[in-house]
Amino acid sequence: MSTELELPFRLDTQLTEVMRLRVQSLQQRGQKRQDGERLLLPNEAVYRLDFSKQSLRFSRWMVQLAQTGRLTVTATSQLWTPDLTNLMTRQLLEPVGVFWRAPGDASDAPIQCYEADAHEFGERIAELAKVRKVMYFLFAFADGCSPETVDCSIAFTADS
């Protein structure tokens, strides 16, 4: 028998702050980033997804945007250990999830996305869940979207 499991993405305020301090430190010292290093942009934050089970099958994305805007979700690879190393561009996974609410969309209209990419992205997360307890993501907010106006989770089917 299988059950549906909804996992919310949670803002990792501490890790986001550490990555912002890295950018600030480089700017203050007039230094450049390491070759291949991926710095956090002002419109980005780090989110985490904690897996309570490892054997999952992707079901669907559940994204709510309270207003017009665009949310881009990028996963990081298991090779990134945020407490030990800087994030490198090679540690960002593809495809990304892009979700948006266009101007003029009704408030009850479904959120738009690139469905094939979002589905492949969800399946990839389910695969990585087999070997990970936690996964980190970069959320990029654009066009009026902000952390306060976004609610994002992902649903899986878990075998019991």
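Student: In this predicted model, where is the place of Q91?
Tutor: Start with the contacts. Leaving aside neighbours within four places in sequence, Q91 is in contact with A75, T76, S77, L79, W80 and N86. Its place is in the loop between β5 and β6.

Student: Does Q91 count as buried or exposed?
Tutor: The relative accessibility of Q91 is 8%. Buried means under 20%. So Q91 counts as buried.

Student: Which residues is T89 in contact with, leaving aside its neighbours within four places in sequence?
Tutor: T89 sits in the loop between β5 and β6. It counts as partly exposed, at 42% relative accessibility. With neighbours up to four places away set aside, the contacts of T89 are G36, E37 and R38.

Student: How far apart in space are T89 and E37, C-alpha to C-alpha?
Tutor: E37 is among the contacts of T89. In sequence, 52 residues separate T89 and E37. In space, C-alpha to C-alpha, the distance is 5.9 Å.

Student: Which peptide bond is cis, with omega near 0°?
Tutor: Most peptide bonds are trans. Look at P95, in the loop between β5 (69-75) and β6 (97-101). The cis bond runs from E94 to P95.

Student: What is phi of D143 near?
Tutor: Most residues other than glycine have a negative phi. D143 is found in the loop between β8 (134-142) and β9 (150-159), and it is exposed, with a relative accessible area of 57%. Its phi is positive, near 55°.

Student: In what order do the six strands of the open sheet lie?
Tutor: Strands of a sheet pair through backbone hydrogen bonds, either parallel or antiparallel. Here the pairing is antiparallel. The order is β2-β3-β8-β5-β6-β7.

Student: Which strands stand at the edges of that sheet?
Tutor: An edge strand here has a single partner strand, so one side of it is left without a neighbour in the sheet. That describes β2 and β7 (112-113).

Student: Which residue is the bridge partner of L11 in β3?
Tutor: Strand β2 (residues 10-11) pairs with β3 in the antiparallel sense over two bridges. R10 has R48 as its bridge partner in β3. For L11, the partner is Y47.

Student: How many bridges join β3 to β8?
Tutor: The two strands run antiparallel. The bridges between β3 and β8 number seven.

Student: Why is β3 largely enclosed by the rest of the structure?
Tutor: Check the burial of each residue against the cut-off, under 20% relative accessible area. Strand β3 has seven residues. It is largely enclosed because the number buried is five of the seven.

Student: Which members of the largest nonpolar core touch the most other members?
Tutor: This core has 34 residues. The elements giving two or more residues to it are β1 (2-8), β3 (44-50), β4 (56-65), β5, α2 (115-129), β8 and β9. The largest share, six residues, comes from α2. The members touching the most others are W61, L71, I125 and F137.

Student: Which residues is I125 in contact with, leaving aside its neighbours within four places in sequence?
Tutor: I125 belongs to the largest nonpolar core. Setting aside residues up to four places away, its contacts are L49, F51, W61, M135, F137, I154 and F156.

Student: How many residues does the other core hold, the one with L40 and V46 among them?
Tutor: This core lies apart from the largest one. W80 and Y136 are also among its members. Its residues number eight.

Student: How far apart in space are R57 and L11, C-alpha to C-alpha?
Tutor: R57 is found in strand β4 and counts as partly exposed, at 41% relative accessibility. Not counting residues up to four places away in sequence, it touches S2, A126, A155, F156, T157 and D159. R57 and L11 are 46 residues apart in sequence. In space, C-alpha to C-alpha, they are 24 Å apart.

Student: Which residues lie nearest the centre of the largest pocket?
Tutor: The pocket holds about 160 Å³ of space. Its lining is made of 15 residues. By class, nine are nonpolar, two polar and four charged. Nearest the centre lie V18, M19, P82, T85 and N86.

How values were computed:
Residues are numbered from 1 along each chain as its sequence is written. This is a predicted model: local features need pLDDT of at least 70, side-chain atom pairs count only at pLDDT 80 or more; totals for chains, interfaces and linings use all residues. Side-chain values use heavy atoms; hydrogens and water are left out. On a 1 Å grid over the protein atoms alone, a cavity is a set of points where a 1.4 Å probe fits but cannot get out, and a pocket is an open set with protein on both sides within 12 Å along at least five of seven lines; lining residues have an atom within 4 Å of a point. Grid points are joined across faces, edges and corners, and a volume is the space filled by probe spheres set on the points. Ala, Val, Leu, Ile, Met, Phe, Trp, Tyr, Cys and Pro count as nonpolar, Asp, Glu, Lys and Arg as charged, and the others, Gly among them, as polar. Helices (H or I, at least four residues) and strands (E, at least two) are DSSP runs, numbered from the N terminus. Buried means under 20% relative accessible area, exposed over 50%, partly exposed in between (1.4 Å probe, protein chains only). A nonpolar core is a set of buried Ala, Val, Leu, Ile, Met, Phe, Trp, Tyr and Cys residues joined through side-chain atoms within 4.5 Å. Contact means heavy atoms within 4.5 Å. Two strands pair if DSSP finds at least two bridges between them.
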